[in-house]
Amino acid sequence: MARSLRPFEAFPITTRHLEVIRTADVTPGMRRVTLGGDQLKAFTAENGYPVADFRSDGFDDEFKIFLKHPDAEEAVGTTQLDGVLDWPRDNPHLLFRTYTARRWDWERGELDVDFVIHGIGPATSWARTVRPGERIQIAGPKSSAGHPDGADWVLVAGDETALPAIGRWLEDDWPEGQRGQVFIEIAEDAHRQDLSVPEGVELTWLSRNVAEPGTTTLLYDAITGADWWEGKVFAWVAGETLTLTPIRRWLRNEKGLAKDQVEVTGYWRRQEVKASEEDPTIQDLDATEDESEKFHELAEIIPGHVLRTAMTLGVPQALADGMWKTPTVIAQERGLHPVGTAKLLRYLAAIEIVEANPDGAYSLTTLGRELENDHIADALDLGGPQAAKELGILALTSAVRTGTGDYSDWFGLSYEERMLSETSLIDARAENEAEFGSYVSGVTIASALIQPAKTLLVVGKAAGVFAEEFVRHDPERRATVRARPSELEAIKRLTRTDERISFEPGSLLETAANKADAVLLVDPLGPLPDADAVHALVKAAAAVEPNGAVYLFCDPLEEAEAHDHDLEDDLIDFALSGGGSRTHEEYERLFERAGLEISGRETVGWGDTLYRLANRSA
């Protein structure tokens with residue numbers, strides 16, 4: 001997600017067990033379960049890790065609810081670690097669903113969660129049968145986002161799964177005087193709720209008249225047919241994933257909204273649900289196909305590269321909006337070879353991304369419409385920065401054999417030379433890093449470790465975003481962003497204009513022009529081999545005033561809890577540069593070689609670490 005108009009705060013994720021206090025039917029289609037218990041407040045987990053107070057500051061904060069798998073004796077959950085959770089992903093009985101808080105009352109110690117009562121899904125079945133006194137484990141939230149800043153009016157739309165978030169937004173988080181249009185899709189009129197609607201907000205209920213959820217165009221028709229008010233708009237839309245794709249496209253393409261003005265979130269995905277033969281009131285989870293998981297499995301080796309080729313050449317774009325087209329037509333539209341296009345489509349049909357009709361035309365399948373998701377499209381584009389890095393895996397054989405990857409033999413340039421060779425790649429990488437920074441900069445800069453500093457030199461990922469956050473709340477603070485000259489223009493475009501922020505050309509391995517109270521290195525050492533990483537730390541230490549400090553924000557590798565994607569990133573960094581992910585102990589050895597020692601350490605964000613480093617001789 002691009003940086004948004006919504007203010008964002010990340011905090012360490014927690015898990016806790018809560019008690020069901022009561023249940024109530026809000027409407028015939030919605031049941032409310034009220035949770036409470038001592039673990040809503042801070043406590044110490046059985047393994048000794050501290051668990052912070054439950055937090056839910058935003059109307060659409062998400063958290064996981066762990067449910068009992070039909071084949072298990074009890075629900076399988078996660079375990080608290082230091083700012084992160086240990087997920088038992090290899091356990092076939094791990095079963096959880098994502099929900100938002102309809103109401104959070106700190107004083108009364110009550111958390112209301114609203115469940116759509118439809119079908120036989122595991123969460124629906126639990127909500128139907130749960131009784132007061134039973135216990136349930138939850139995990140999260142791990143972040144909160146507020147009402148958008150700077151919007152003249154707000155467009156809100158969602159189906160019944162988004163109704164809890166919308167209801168909380170209107171009643172608790174909607175600022176006085178803010179204009180808005182709100183559209184809520186429900187199964188039938190009897191499912192309307194008595195919401196408190198602020199002055200200046202127009203609320204429209206859309207009834208499917210008992211049509212199956214995820215099968216209508218009600219939200220799309222309502223949004224595209226509504227009056228479009230003057231001024232800057234922020235659009236928030238949530239519901240069934242595939243019905244939202246044309247809405248996102250219309251907002252971005254037809255109305256020309258920037259990424260930071262649009263937040264479209266798939267809360268669920270329509271799929272065929274099969275009942276258990278033993279008990280028709282519960283879902284047969286093994287027989288119900290999870291298309292999202294199937295798509296993940298396809299994005300590997302040959303299927304994965306074919307998907308990336310199709311996305312890069314624009315084949316899914318040619319079939320958008322349910323279009324049926326022959327290979328010849330697609331080849332003409334996209335400037336492709338007709339025989340190659342036909343072969344590509346034939347393979348895509350074999351892996352169920354497209355389907356053919358009797359006339360030889362092709363269209364995207366339900367599975368293939370995953371390619372219409374903006375985030376997936378960006379990740380699969382072979383011309384984008386993520387693919388440029390992922391293709392470094394081609395250099396892994398050489399790196400493991402000799403210690404040095406052969407990326408330049410494959411592409412004619414080293415990875416960094418390639419990334420800096422095109423303005424589009426520089427801009428895309430800067431945007432991706434700024435998005436990352438928007439999630440973690442607030443909680444990092446707020447750390448007590450950093451608070452005393454008045455001048456800060458920032459180097460690394462999202463340096464502009466961290467500089468913004470550093471000067472935001474203190475008029476006496478000054479920040480300098482340091483980056484290579486080729487990257488500075490892109491960073492400047494993504495950084496709010498502020499006379500307290502300056503920009504300095506230079507690299508991580510060069511001496512800074514001026515000293516500061518503190519130097520913040522934002523996750524820059526992973527791509528560097530040890531010798532270069534030590535040199536970067538020495539240069540950073542030389543840039544601080546006496547009694548100043550070097551801060552390193554990073555995500556040390558926890559080998560026992562590492563996900564396969566963490567290890568993939570480690571391998572790619574090694575193949576590209578001889579660097580890679582490091583454990584806490586490996587970081588300690590780098591610090592020692594650079595003449596530094598840890599004078600403070602804090603877990604921030606979602607398990608990331610902020611190190612405060614001082615000269616050993618200080």
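Two strands count as paired if DSSP finds at least two bridges between them, and the strands themselves are DSSP runs (E, at least two residues), just as helices are runs of H or I with at least four residues, both numbered from the N terminus. The structure is a predicted model, in which local features need pLDDT of at least 70 and side-chain atom pairs count only at pLDDT 80 or more, while totals for chains, interfaces and linings use all residues. Residues are numbered from 1 along each chain as its sequence is written, and side-chain values use heavy atoms, with hydrogens and water left out.

On one hand, β12 pairs with β6 (residues 62-66) through 3 bridges in the antiparallel sense, and here F66 has Q137 of β12 as its bridge partner. On the other, β12 is joined to β2 (residues 15-27) by 5 antiparallel bridges, with T15 opposite A139. Of the 5 residues in β12, 4 are buried, that is, they have under 20% relative accessible area (1.4 Å probe, protein chains only).

Next comes an open sheet of 5 strands, which pair in parallel in the order β16-β15-β14-β17-β18. Because β16 (201-207) and β18 (262-268) stand at the edges with a single partner strand each, one side of each has no neighbour in the sheet. From one strand to the next, the twist averages 10°. Within this sheet, β14 (residues 153-158) and β17 (residues 233-240) run parallel and share 6 bridges, and V154 faces F234 of β17.

Helix α3 (residues 218-225) touches β14, β15 (179-186), β16 and β17, and its direction makes about 155° with that of β15. Helix α4 (residues 241-254) touches β14, β17 and β18, at about 165° to the direction of β17. Such angles run from 0 to 180 degrees between N-to-C directions, with axes fitted to C-alpha atoms, for helices over the stretch in contact.

Finally, what volume does the largest cavity have? The value is about 70 Å³, a cavity being a set of points on a 1 Å grid over the protein atoms alone where a 1.4 Å probe fits but cannot get out, and lining residues having an atom within 4 Å of a point. Among its 13 lining residues, L457, V459, L508, K539 and A540 are the closest to its centre. Helix α18 (530-542) is one of the elements that supply at least two lining residues, and α18 gives the most, with 3.

Terms used:
Buried means under 20% relative accessible area, exposed over 50%, partly exposed in between (1.4 Å probe, protein chains only). On a 1 Å grid over the protein atoms alone, a cavity is a set of points where a 1.4 Å probe fits but cannot get out, and a pocket is an open set with protein on both sides within 12 Å along at least five of seven lines; lining residues have an atom within 4 Å of a point. Grid points are joined across faces, edges and corners, and a volume is the space filled by probe spheres set on the points. Contact means heavy atoms within 4.5 Å.
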